[in-house]
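Have a look at the model, then read on.

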Amino acid sequence: MEKITIEVSNLNKRYKNSLAVKNMNFKINKGQTIGLLGPNGCGKSTTIGMLLGLIKPTTGDVIINGKNMESNRTNLLQKMNFISPYIELPKKLTIEENLKVYGRMYGVKNLKHKILELMETLNLMNFKKRKTGELSSGQKNRVSLAKALINDPEILLLDEPTASLDPDVGDYVRGIIENFSSKKQKTILIASHNMIEVERLCDEVMMMKNGEIIDKGKSSDLISKHGRKNLEEFFLKIVREKNEIL
Amino acid sequence: MRFYRVYALFLRHFYLIKGSLPRLLDLIYWPTIQIILWGFISKFFTLHSDFYNHTAGIILSAAILYDFLFRSSISFNMLFLEEIWSRNFTNLFIAPLKVNEIIAALTATALIRTLIGIIPAILLASPFFGISLFNLGPALILLLLSLYTFGMTLGLLVVSGLLRYGPAFENVAWSSLFLLAPLGCIYYPLSILPDWLQIIAKGLPLVYIFEEVRSILLNNIVNYSNIMSALILNLIYFLLSVFVFYSAFDEARRKGTLINVGE
């Protein structure tokens, strides 16, 4: 039987008069890579925020490894990490310093070795003494990924992991994520607007609209179920259905 | 509470200061200017006032102590603002840091920042103006402890505001101490204030601290009841500010502002 890593039940988040997430229910098994799709403002970030314990659900539960996030936040975050283009690492610190800080924060054993390993894997050795703010966006992205992998997380949440990267660097980063997921049996949730990325990396996708998961399954199944040629067309169909209603 | 996590957050700010000479100079520059300015004013009063003739250095001592308070509070705020400005805020809150570890790290780091700034200024005061804070005797330790606790209290309240209301609260971070300074009776005795303001001022530990500074320098007598009043008030306010910080953190999670603060 597959072990459930993330279990979300009856999750709701209300901001004043709007319901950002409506009665969300899903399970993610250990080792699965799941894509979270949906148009801007559909509740993806709020969902990720609740999974990370950054946002308190109005009702419902986020259960990680059998423990409720609300009552075990610190312990669970020890085994999780997150990357988003909207958050950065301190610009005035060198790559090495940033990784030392976060490595210590997560209580990483044999930190020196771990930092070297990540720098080699992510091709950062030549820049280790450079300040993070002086790096190109591709290099910064790799440093953020190194920070996200510093604690060897069991659960990795990725928000637009390759946004603003050129195709070459984007492909490189996708390769790293793919490798991390397959070799180490890690659980990954990816929120992305890059459908090629989602098709390549994800075992299954969940499609969100207006705060709800309206469909989920394997990319190929969703594409054929909705009579489309690829995931992008499936995405556009769902988004434009909303416009038709409006 | 895990020491390694507190140390990691301290290390983040240590690297920041270590790697930036302008930041380091900025820490030292303002307290030094403040002390030089008040040193000359103090010297002028000493030469031209009968009252201050007997209490050389009373203003300068008050200025140094006020600057210690000011720097400690501002340092606390700055540590938090640095995270917002660098867009590192979310990274910290997805790390397994507990709220009490954040408070401990900010409190320890703010003390080091404050000492970096204030020690050169204190050392400068002695050869330039013949004033030493050590004239206050052993009571100085309790007075500094009291001032530092009050600085942390104000820092926690401002940081709670930043958590709750976002970067828009930044202006309050800069002005919080200026608001309280007139009531704190830093450079003048409590009796100068109108009666009704004296009642309000007595609710501030600053009044007892600076009354005591004047008492020691003028009469050479340590009134421990003043020091105790300041410490008790400080303890109450500090505990209250910790509660406010926890509430603000909870409210920020409820409002979802931890994920996009700084935007």
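Is Asp215(A) buried or exposed? Asp215(A) is buried, with a relative accessibility of 11%. Buried here stands for under 20% relative accessible area, exposed for over 50%, and partly exposed for anything in between (1.4 Å probe, protein chains only).

## Ground rules

This is a predicted model, where local features need pLDDT of at least 70, side-chain atom pairs count only at pLDDT 80 or more, and totals for chains, interfaces and linings use all residues. Residues are numbered from 1 along each chain as its sequence is written, chains are lettered from A and ligands numbered from 1 in the order in which they are written, and side-chain values use heavy atoms, with hydrogens and water left out.

## Salt bridges within a chain

Over all chains, the structure holds 22 salt bridges (a side-chain nitrogen of Lys or Arg within 4 Å of a carboxyl oxygen of Asp or Glu). One of them pairs Asp215(A) with Lys225(A), at 2.9 Å from N to O. This pair links distant parts of the chain, 10 residues apart: Asp215(A) sits in strand E10 (residues 212-217) and Lys225(A) in helix H8 (residues 219-225) of chain A. Helices (H or I, at least four residues) and strands (E, at least two) are DSSP runs, numbered from the N terminus. While Asp215(A) is buried, Lys225(A) is exposed at 57%.

Over in chain B, Arg164(B) and Glu251(B) form a salt bridge, their closest N and O atoms 3.6 Å apart. Arg164(B) belongs to helix H7 (residues 139-165) and Glu251(B) to helix H11, so this bridge ties together parts 87 residues apart in sequence. Arg164(B) is partly exposed at 23%, and Glu251(B) is buried at 18%.

## Positive phi angles

Most residues other than glycine have a negative phi. Asn10(A), though, has a positive phi of about 50 degrees; Asn10(A) is in strand E1 (residues 4-15) of chain A and is partly exposed at 45%.

Glu160(A) also has a positive phi, near 45 degrees. Its place is the loop between strand E7 (155-159) and helix H6 (167-184) of chain A, and Glu160(A) is buried at 13% relative accessibility.
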